[in-house]
Amino acid sequence: MERTLSRRRESLLRALTTRHGRKNSGYCLGEGLRCVGEILKLRPDLIECCVIREDLAGTLDLPGDRTVLLDRNTFDSLALTVNSQGILVLAKQPEYRALDLPVEDPFVLLLDRVADPGNFGTILRTARAVGLREVWCVKGGVDPFGEKTIRSASGAQFAVALRCAESLDEAVAALKKRGIERFFRTEPAGGRSVFSEPDLFTRSAVVFGNEANGAGRIEASLPLNIPMPGSAESLNVAQAATVILFEFVRRSGEFS
């Protein structure tokens, strides 16, 4: 176990707090016991190193040849959160899956420029929980490998494959070629109910839009809503995705 960071690794850790640094390097950062534990379990082959605070020495099962132990002051200067749990992981970003490969799930979850890292990460975490193997997204939203997104997803980026299109039009065209026949666009009111639409999860894509502007226009798409008998106008995008994804679980018979 090392007790100092190389200059290269220290520079890399500091650079990865910016989107530009992540894009240029192909690396990302995870922080926290649960997040780091998940990444270690899911993709140990992508781990460059783990960085831990010295008071945690001997308490965690980490790869000794890729672990760096730092004093509190040095660690805190690198930590991503104010009250850090004392562990960081430096990892290569998983590669995006090509758009032209076959669709692996019964339906496709498509995120159109979702901008909040907490929302994006929560949706990925929920997608993993219901058993989806991939999530599609459109550029122009949050960085899927930003540290806040990884933390909110508990490292689900390393379990669920991501496909990223340059535009919504490109994503739709690619999905149609892969046999997707229907596109459902979430709406706060009106449209078809998520609880009664018969073809919601059959050769379809469910599109969740940007928090401020909603989903972009898709020709012949079908509006979809979550019935809300209360007085709220809408749910946030992560809440809406959770309801719809667990409706998929209910229909699949996993609760029976």
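How much accessible surface does the protein chain have, and what share of it belongs to carbon and sulfur atoms? In this predicted model, the accessible surface comes to about 12,500 Å². Carbon and sulfur atoms hold 48% of that area. Of the 256 residues of the chain, 50% count as buried.

The protein chain has eight helices and eleven strands. Its radius of gyration is 20 Å, close to the 18 Å that the globule rule gives for 256 residues, so the chain is as compact as a globular protein of that length. Along the principal axes, the C-alpha atoms fill a box of roughly 60 × 35 × 35 Å. Contacts were also sorted by sequence separation. Among those with a separation of 6 or more, 76% join residues 24 or more positions apart.

The largest nonpolar core has 51 residues. Those with the most contacts inside this core are Leu109, Leu111, Leu132, Val135, Phe208 and Ile244. Helix 8, residues 237–252, gives the most to the core, contributing eight residues. A second, separate core has 17 residues. Val108, Ile180, Phe183 and Ala215 are included in that second core. Leucine 132, from the largest core, illustrates the contacts made beyond the local sequence. Residues up to four places away being left out, leucine 132 touches Asp105, Phe107, Leu109, Ala127, Val160, Leu245 and Phe248.

Helix 7 spans residues 168–177, and its buried residues are Leu168, Ala171, Val172, Ala174 and Leu175. These residues lie on the same side of helix 7 because they cover an arc of only 165° around the axis. Asp169 and Lys177 are exposed on the other side of the helix. The cover over the buried residues of helix 7 includes several strands. Among them are strand 5 (107–112), strand 6 (134–138) and strand 7. Strand 8 (182–186) and strand 10 (204–208) also take part. Just after helix 7, glycine 179 takes a positive phi of about 95°.

Two residues other than glycine also have a positive phi. Arginine 113 has a value of about 60°. This arginine lies in the loop between strand 5 and helix 5 (117–129). Arginine 113 counts as partly exposed, at 26% relative accessibility. Alanine 220 has a positive phi of about 65°. Its place is in the loop between strand 10 and strand 11 (222–225). With a relative accessible area of 70%, alanine 220 is exposed.

Two buried positions were followed individually. Alanine 156 is found in the loop between helix 6 (147–153) and strand 7 (161–165). Its relative accessibility is 0%, so alanine 156 counts as buried. Neighbours within four places in sequence aside, alanine 156 is in contact with Leu124, Arg125 and Arg128. Leucine 124 is 32 residues from alanine 156 in sequence, yet the two C-alpha atoms are 6.0 Å apart in space.

Asparagine 119 lies in helix 5. This asparagine is buried, with a relative accessible area of 10%. With neighbours within four places set aside, its contacts are Val114, Glu211, Asn236, Val237 and Ala238. Glutamine 93 is 26 residues from asparagine 119 along the chain, and their C-alpha atoms are separated by 20 Å.

A search of the whole structure finds zero disulfides. Cysteine 28 is in no disulfide; its nearest cysteine sulfur belongs to cysteine 35 and is 8.7 Å away. Cysteine 28 is buried, with a relative accessible area of 1%. Cysteine 164 is in no disulfide either, and the nearest cysteine sulfur, that of cysteine 137, is 3.8 Å away. A disulfide would need the two sulfur atoms within 2.5 Å.

How values were computed:
Residues are numbered from 1 along each chain as its sequence is written. This is a predicted model: local features need pLDDT of at least 70, side-chain atom pairs count only at pLDDT 80 or more; totals for chains, interfaces and linings use all residues. Side-chain values use heavy atoms; hydrogens and water are left out. Helices (H or I, at least four residues) and strands (E, at least two) are DSSP runs, numbered from the N terminus. Buried means under 20% relative accessible area, exposed over 50%, partly exposed in between (1.4 Å probe, protein chains only). Contact means heavy atoms within 4.5 Å. A nonpolar core is a set of buried Ala, Val, Leu, Ile, Met, Phe, Trp, Tyr and Cys residues joined through side-chain atoms within 4.5 Å. The arc is that of the directions from the helix axis to the C-beta atoms. The radius of gyration is taken over C-alpha atoms; the globule rule is 2.2 Å times the number of residues to the power 0.38. Accessible areas come from the Shrake-Rupley method with a 1.4 Å probe; for residues, only the protein chains shown count as cover.
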